[in-house]
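Please consult the sequence and the structure shown below while reading.

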Amino acid sequence: MVKANVKYDIKVHSVEVRTSLQYRFYRLLAVLGAVEFVIMSFAVVISVFGRHKLTLDLVLYLSIFLGIFIGSALKLMTMSPVRSFRKLSSFYPGLNYEVTVGGENIELRASSDSSKNHSVYSISRLVSARETMGYFKLNISEGGSIFFSDTDITEGNADDLRKFLSDTLGNRYTVKEGLL
């Protein structure tokens with residue numbers, strides 16, 4: 001059995017947000033939009049200063065990629081970890097949670113200055129788990145996950161958890177370099 005006590009702070013929240021699939025998708029879309037916009041801008045400049053005529057489809061492509069870049073960048077700004085942490089902290093000031101993994105269940109006890117919650121999940125509901133940069137992410141469902149650092153472990157140790165997850169999940173437990 002492994003227990004972890006997590007003080008939910010900006011560092012934990014930031015890593016959790018930046019590793020989400022949605023955040024990574026919009027970040028990739030923003031980068032691709034910016035690259036395509038730069039390439040199309042060079043095409044426009046070459047067209048204007050060259051002997052070629054500026055075509056409507058070139059301007060349309062330039063506008064589309066600029067729109068993709070701006071839209072993705074705006075979405076990323078609304079998903080800012082600092083901004084979302086402030087909002088979460090205003091609803092749940094002093095948020096802490098305790099995770100217990102082992103046996104047949106995963107227990108999550110969350111408490112803040114304004115509320116308390118206790119949830120028990122069957123190990124069979126565990127979709128997957130990942131470990132990277134000293135953090136564990138247990139995916140309970142497609143939309144829900146439990147996130148904690150190996151330094152948050154108070155009972156047992158990270159090696160016990162790795163062994164348990166590996167035995168329980170097989171190839172659905174992965175260890176990655178870089179972000180989750």
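Does Ala73 count as buried, partly exposed or exposed? Ala73 counts as partly exposed because its relative accessibility is 24%, where buried means under 20% relative accessible area, exposed means over 50% and partly exposed lies in between (1.4 Å probe, protein chains only).

The model is predicted: local features need pLDDT of at least 70, side-chain atom pairs count only at pLDDT 80 or more, and totals for chains, interfaces and linings use all residues. Residues are numbered from 1 along each chain as its sequence is written, and side-chain values use heavy atoms, with hydrogens and water left out.

**Ala73 and its helix**

Ala73 has its place in helix H3; helices (H or I, at least four residues) and strands (E, at least two) are DSSP runs numbered from the N terminus. From C-alpha to C-alpha, Ala73 and Leu21 are 16 Å apart in space and 52 residues apart in sequence.

**Two pairs of helices**

Two packed helices are described by the angle between their axes and the distance between the axes. Axes are lines fitted to C-alpha atoms, for helices over the stretch in contact, and angles run from 0 to 180 degrees between N-to-C directions.

| Helix pair | Angle | Axis distance |
|---|---|---|
| H2 (residues 21-49) and H3 (residues 56-78) | about 150 degrees | 7 Å apart |
| H1 (residues 10-18) and H4 (residues 81-91) | roughly 120 degrees | within 9 Å |

The angle makes H2 roughly antiparallel to H3, whereas H1 is oblique to H4. Angles under 35 degrees count as roughly parallel, over 145 as roughly antiparallel, 65 to 115 as roughly perpendicular and the rest as oblique.

The contact of H2 with H3 comprises 18 nonpolar, five polar and three charged residues. In this classification Ala, Val, Leu, Ile, Met, Phe, Trp, Tyr, Cys and Pro are nonpolar, Asp, Glu, Lys and Arg are charged, and the others, Gly among them, are polar.

Between H1 and H4, Ile10, His13, Ser14, Val17 and Arg18 meet Pro81, Val82, Ser84, Phe85 and Leu88, contact being defined as heavy atoms within 4.5 Å. Six nonpolar, three polar and one charged residues form this contact of H1 with H4.

**Ser149 in a strand**

Ser149 belongs to strand E7 (residues 145-149). With a relative accessibility of 8%, Ser149 counts as buried. Apart from neighbours within four places in sequence, Ser149 is in contact with Gly134 and Tyr135. A polar atom of the Ser149 side chain lies 3.3 Å from the backbone oxygen of Gly134.

Notes: Polar contact = N/O pair within 3.5 Å; in protein donor to acceptor, adjacent residues only side chain to side chain.
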